[in-house]
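Dear colleague,

Please find below the structure that I am handing over to you.

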Amino acid sequence: MEFLSGVSVLELGEKFSASACTKWMAALGASVIKIEPPGQGDPARRMGPFPNDDPHPEKSGLFLYLNTGKKGMTLDIHSKEGQAIFRRLLSNADILVEDLGPGKMESLGLGYLELEKLVPRLIFTSITPFGEQGPYSHFKVDAIVLDAASGMMLQYGNPEREPLQLGGNIIYYRAGASAFMASLAALHHAEASGEGQRVEVSIQEILLHDDFIPVEAFFARGEDVRRRFAPMLLPCEDGWFYIRAFPHEWPRLTKALDLPELENDDRFIDMQRRSRNAEELNAIILSRLANKGKKEIYDTLQKNHVSVAFLANVEDLFRSEQYQSRGYFVTIDHPVAGPLTYPGAFATLGDVQWKHGRAPLLGEHNSEILCEQLGYGRQDVVRLRQLGVI
Amino acid sequence: MGNELTSNSKLRILDLSMFWAGAACAGFLGDLGMEVIKIESCQHPDPDRIVTQGLLYLHNELGEEPWNRGMIHLRRHRNKSGITVDLTTPEGKELFLRLVKVSDMVVENFRVGVLEKLGIAYPVLKKVNPQIILISVSSQGDTGPERTYGSNAEILAFTSGVRSISDYPDEIGLFTAANIPDPLAGTVAAGFALAALRHRRKTGKGIHVVLSQRELLTACIGEIVMDYPMNRRIPQPKGNQHSFYAPHGCYPCKGKDSWIALVARDDIEWETLCRAMDRPELINNSRFVGVANRLRHREEVDKVIASWTIHFEKKELMKLLQEKGVPASALFSAPDLVEDPHLKASGFWDRIDDPRPGFGTYLCKGRGVTLSKTPLRTQRRAPDLGEHNQYVYGTLLGLSEQEITELGKKGVIGSAPAPDVMARIPKTLPKARR
């Protein structure tokens, strides 16, 4: 039995975060049905990477990755008939996760107040850029806009240059993580009480919640903390490494460098002096390490319990003995895209399995869901297809 | 029903975490109404009490007990009680195991191997309480050659690959930012903790869940990682550029370090932007028609925009562009966010009233998640060091007054940091800027 065996989830995801949320639910054993608009499907299908850079709606790395382990159906929730099918699907569902935008479900007559009447134990989770209400709730956004609005962007980059966005779609995964956690909290309550509820995630607020110290620095002292230099990012033979020596790690660092006399050297005796004399210190460190490889430096210092990193690119991840030994990357076959390598389980769950399924084809499970779950006939399916409902 | 405590109040969580990731996990469970007991020792209090990052103490005052005033501590440990116990002593270990017996879950984020060293690894806990759930928010997972390696948020950003795609295209940035990794891991771990509780309800079995923070972070750039096996391509940093959209980036506004982020994702948004800039002639300029052309002439597009945005105050420009229908936001600073009307209206800020002298009313960041029937409220402020020793050891474990006093005398429990820890607490603080 998996953690979420027997839990039914419906997903209406077009902005990656709902997809990330239900991807992890599927990995824990929930049955997830992803509902896509007929025709083009989830916009993620049009985004790469694609094998051999050849765009194809069934070969998008983004879509394939975000939708592992789900069943897929197409449904036009703008049509009356589509809404009727959606309502019938909901009556079997525990959790609905959507990121279509604030007010969208209400405008279709599928708002929480309507659906709650239909399915009182329903958990209805919405992920929106700025929440459902408030002056910015209807702002037009993209990832970089949310990065800016959450305060995160001003904290990231070279202080003498323009601030930087976080790469990729990380902020959407981050929002999906909160929706995942909050939905399971609601499920926890629903299974004890029979009572469902509305769950709302604001991406701006989630990212601001994650802020490290700037808000507290402002509250405490009126400071306006912004992006800053990291003094100990240093070049080595094949790349870069970064030392974040906390005070208690200083003796360990001097030992790892085989420079014990440095430990009580006046120039570097505390954090203030180490950062004031950073150039001198860096030169000394480089004299010991510059001709070594990034991974060797990482291993050596980590084994001495010094907080160190190396700048890992994607190739380094595939070469990582740690990832290899844990079987982190998995090969998942797919009828159109073929076997591809995916990042897999990031946790071990005792003797409970992490489920690795593939992403669905567009509308792949229409017949199965309509006929077997909802009792429609084969002819209904043909008719719905002709009408463009599925 | 309708009481946030109905399904959670019977659950007891022991939080052994230090710093952030595990503490965030247990914090969410506390926000949900579970009883969370934060476990520290006088010898090793949570470092955030002692060298609190940025030397941020409430109202910028050290007070008589600075270790109870760290602002990161006050935010991160809301809805927890706090006890002390020195786990390196036999008495301390025994007390902890007695607590495990009457608890449902233990959350920890030690370096892999520390629990074994303390003699409280999962098999030991399981022997004491077969139904116990152990959530390890580890750095690398508990297997593999690097299992004992440590990390913090900055380090994870490097080793996970995230940093390799978040940079300027022309510079290995000598800078840092530590935001997402810890709270991300804490959030996901709390989700796994809730799922593990469900599993226990269904099967009667406890379990040890071990999360790898590094792997989780790589999972959040999964599709980018897949470019390598698909196309043998090592994805490179693109600064603020976007693969499909132009313009896309941040542009200077009036004032020092003042910026606006904006994007035009299609011709309609581009035309809207041109009209907003009062440059309608750009719409039919063949160099900028269609996203492919704009991507090709991206630098030129950026120059045109930057020469326009520089004349505006950032928030004024955000308002103007949003009214016209261009996705845009000012780059908010912390002071901007605290004053922001949207966040005030949405009820983001968490107001905490602490009647004790020198504390008073203060604001903490909210949670970004709302649950309509089981709201996440702050039911109790963050605990002082050892504040709930009496309740936990007396009421919960049934120790006598004398036994508790004895433990205090031996230094197994207490409510003040040990002298060597005390010595690391700053004596003065930087002056407030207002």
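**Domains of chain B**

In chain B, the centres of domain 1 and domain 2, taken over C-alpha atoms, are separated by 43 Å. Domain 1 is made up of residues 12-219 together with 349-422, whereas domain 2 covers residues 248-339. Please keep in mind throughout that this is a predicted model.

**Chain A as a whole**

Chain A has 390 residues, of which 55% are buried. Its secondary structure consists of 17 helices and 13 strands. Taken along the principal axes, the box filled by the C-alpha atoms of chain A is roughly 85 × 50 × 40 Å. How many of the contacts between residues at least 6 apart in sequence join residues at least 24 apart? In chain A the share is 69%.

**A covered helix**

**A sheet of three strands**

Chain A also contains an open sheet of three strands, in the order β8-β9-β10, and the pairing is antiparallel. Why is one side of β8 and of β10 left without a neighbour in the sheet? Strands β8 (233-236) and β10 (308-310) of chain A stand at the edges and have a single partner strand each, so one side of each has no neighbour there. From one strand to the next, the twist averages 25 degrees.

Strand β9 of chain A, residues 239-243, is joined to β10(A) by three bridges, and the two strands run antiparallel. Within this pairing, A:F241 has A:F310 in β10(A) as its bridge partner.

A helix accompanies the sheet. Helix α13 of chain A, residues 294-303, lies across β8, β9 and β10 of that chain. The angle at which α13(A) runs to β10(A) is about 165 degrees.

With kind regards

Conventions: Residues are numbered from 1 along each chain as its sequence is written. Chains are lettered from A and ligands numbered from 1 in the order in which they are written. This is a predicted model: local features need pLDDT of at least 70, side-chain atom pairs count only at pLDDT 80 or more; totals for chains, interfaces and linings use all residues. Helices (H or I, at least four residues) and strands (E, at least two) are DSSP runs, numbered from the N terminus. A residue is buried if 20 or more other C-beta atoms lie within 10 Å of its own, exposed if 12 or fewer, and partly exposed in between; C-beta atoms are placed from the backbone. Two residues are in contact if their C-beta atoms, placed from the backbone, lie within 7 Å. Domain bounds come from an automatic or database domain assignment. Two strands pair if DSSP finds at least two bridges between them. Axes are lines fitted to C-alpha atoms, for helices over the stretch in contact, and angles run from 0 to 180 degrees between N-to-C directions.
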